[in-house]
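Here are my notes on the model, as numbered points. Please keep the structure open while reading.

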Amino acid sequence: MEALIAQCVNGLAVGSIYALIVTGFNLLLLVAGVVQYSYAHIIVIGMYTAWFVMQVTGGGLLLAIPSAIAVSTVVSMLTEPLFRPLARKGAVNQTFVMSIGISMILTHVMAKHLHQGIPISFPDALSGRTAAIEFGVIAVSKGQIFVFFGSIAAVAAFMLLLYRTMMGRALRAMAQSPIIAKLVGVPTVRMSMASYGIAGFLGGVTAVFVAMSLGSAYPALADSLGIKVIATVLFAGLGNLNGGLVCGLILGMAESLTTGYLPGQWSNALAFAMIMVTVMFKPQGLFGTRI
Amino acid sequence: MEGNRSPILSVSDLSVSYGLISAVRNISIDLYEGEFVTLIGANGAGKTTFLESVLGMHPAVRGRVFFQGKEITNWSTDRIVALGLTLCPEGRGILPAMSVLENLQLGAFHHRRHMPESLEKVFELFPILERRRHGRAGNLSGGEQQMLSIGRALMAGPKLLMLDEPSLGLAPIVVTEVFKIVTRLAELGHTILLAEQNAKKALQYASRGYVFETGRIAFEGSAGELMHNEDVVRVYMGARTNG
């Protein structure tokens, strides 16, 4: 019973990270009109950044976290010109291909030039693994609590931006109709750029959470996360923000529970199973597409 | 006409194409502050393309556009709207998934500091919008959506208000209501440029007009002149207009 609860807690923590990644991904899909498969890769680059800064400064989080966020933001914005001609034409499928290309480059950079592709590990202090809170026989690490509530806070902040600010209104207008948004005076080019920045910022925050959750990073992590994001977004419905949140949590929970009760690598197959189920039974996703 | 003052909008020899197809050619129009001018012509004559081009939505192949003396040819649309030139597009162009209030707030993107007063003025003009302000914009009737479109344009504090086919798809009673509102705006001092297929209706309210035919200006003159021009009457005011 305790094991089940522990798995559920872990599932919520991991799931909340997936929900956060899916949110950034959906933002780019809805506003910039791009399928950013390499979003996960930018997140992992953020993790490497945090690690390098910690190496250089001797373990200080104060510099590492803002660095991760800054680098993720910048790298995300640097991809905008690559997508621009395709996004302009509305060639969403081609942006997917472009993002795969970018992901290959980023993976290569990580595998060959960042710590020679050897996995990097984050100190236990960061992952809060050592400091645990106990409810009877159940131990929940501080890291898990921080990640879960931190992800909620990040998503909430993003939703506040989207629904309570003028910029958010402009972003939503662009998602619903780029032409009407332009006609009403929304600076669509600048807003599109901003969406890359916001997604990158969220990605940097996510990088910190993943570092806390996983405790390590390696080049292949990027593709692994990337597939899960795509699977979740397809399962929920492309561009469906709320659906993405729910399905991210579902995937996290499902992975965590199967890790505990099924042998071997079955939990990794879940993402692929999601894609299969979606394609076979409900191509528009569980909650419907919004693009 | 209003000879001594300089025009608020001056379009000179404007030509716009969609690829190889010329949409409008050699359009020259002058609009003075406080005027209510109409562009009439059949569907496809180029009125919409013209208005959208003035707003910077289409690149000009030739010609120039001046607004309040400043050249705005090929400026980006957001800069032009920020200057005070707004368009209520054909088909209303509201965002159905957002609320009435959010649609209005969006209109104030470049005019944020004045949003509370602008909102008050719009609600005064259109009480129905205030009553339905938290409702989904897509649930409004055609006439109400037209009011929302106008209200949104007003939120930008416009110096020139352009309207594209405001009567499209509306019942005759509602059409009259819309024209009354536009006239009220003109009385309040707004400069209005209105494109209409319903020539008869438009010339009843506007003081001056230009007739578009296959991308060019075929006739121009005061409303009275156009209403009594044989060719104009024959082509544009013979049959009943589509409702």
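1. Terms first. Two residues are in contact if their C-beta atoms, placed from the backbone, lie within 7 Å. Helices (H or I, at least four residues) and strands (E, at least two) are DSSP runs, numbered from the N terminus. This is a predicted model, in which local features need pLDDT of at least 70, side-chain atom pairs count only at pLDDT 80 or more, and totals for chains, interfaces and linings use all residues. Residues are numbered from 1 along each chain as its sequence is written, while chains are lettered from A and ligands numbered from 1 in the order in which they are written.

2. Helix 3 of chain B. Six of its eight residues are buried, so helix 3 of chain B is largely enclosed by the rest of the structure. Buried means that 20 or more other C-beta atoms lie within 10 Å of the residue's own; exposed means 12 or fewer, and partly exposed is in between. The buried residues are Val100(B), Glu102(B), Asn103(B), Leu104(B), Leu106(B) and Gly107(B). They pack against helix 8 (166-176) of chain A, and also against helix 4 (115-125), helix 5 (127-131) and helix 6 (142-154) of chain B.

3. The interface. Chain B puts 21 residues in contact with 14 residues of chain A. On the chain B side, the elements that give two or more residues are helix 2 (77-83) and helix 3 (100-107). By class, this side has twelve nonpolar, five polar and four charged residues. Here Ala, Val, Leu, Ile, Met, Phe, Trp, Tyr, Cys and Pro count as nonpolar, Asp, Glu, Lys and Arg as charged, and the others, Gly among them, as polar.

4. The six-stranded sheet. In chain B, six strands form an open sheet in the order 6-7-8-3-9-10, with mixed pairing. Strands pair if DSSP finds at least two bridges between them. Strand 6 (85-88) and strand 10 (216-222) of chain B are the edges, each pairing on one side only. From one strand to the next, the twist averages 15°. Helix 1 (residues 47-54) of chain B packs on this sheet; it touches strand 3 (36-40), strand 6, strand 7, strand 8 and strand 9 (208-213) of chain B, and its direction makes about 150° with that of strand 7 of chain B. Axes are lines fitted to C-alpha atoms, for helices over the stretch in contact, and angles run from 0 to 180 degrees between N-to-C directions.

5. Strand 3 of chain B. Five of its five residues are buried, and the strand is mostly covered. Phe36(B), Thr38(B) and Ile40(B) point one way, Val37(B) and Leu39(B) the other. In a regular strand the side chains alternate between the two faces of the sheet. Strand 3 of chain B pairs with strand 8 of chain B in the parallel sense, over five bridges; Phe36(B) stands opposite Ile192(B) there. Four bridges join strand 3 of chain B to strand 9 of chain B, also running parallel, and Leu39(B) has Tyr210(B) as its bridge partner.

6. The four-stranded sheet. A second open sheet in chain B has the order 2-1-4-5 and antiparallel pairing. Its edge strands are strand 2 and strand 5 (70-71) of chain B. Two bridges link strand 4 (residues 62-67) of chain B to strand 5 of chain B. Phe67(B) has Lys70(B) as its bridge partner in strand 5 of chain B.

7. Ile27(B). This residue sits in strand 2 (residues 21-31) of chain B. Leaving aside neighbours within four places in sequence, Ile27(B) is in contact with Val11(B), Leu14(B), Phe50(B) and Ile217(B). Ile27(B) and Phe50(B) are 23 residues apart in sequence but 8.4 Å apart in space, C-alpha to C-alpha.

8. Two helices of chain A. Helix 1 of chain A and helix 11 (residues 219-236) of chain A pack at about 75°, with axes 10 Å apart. They are therefore roughly perpendicular to each other, a label for angles of 65 to 115 degrees (under 35 is roughly parallel, over 145 roughly antiparallel, the rest oblique). The contact has seven nonpolar, two polar and one charged residues.
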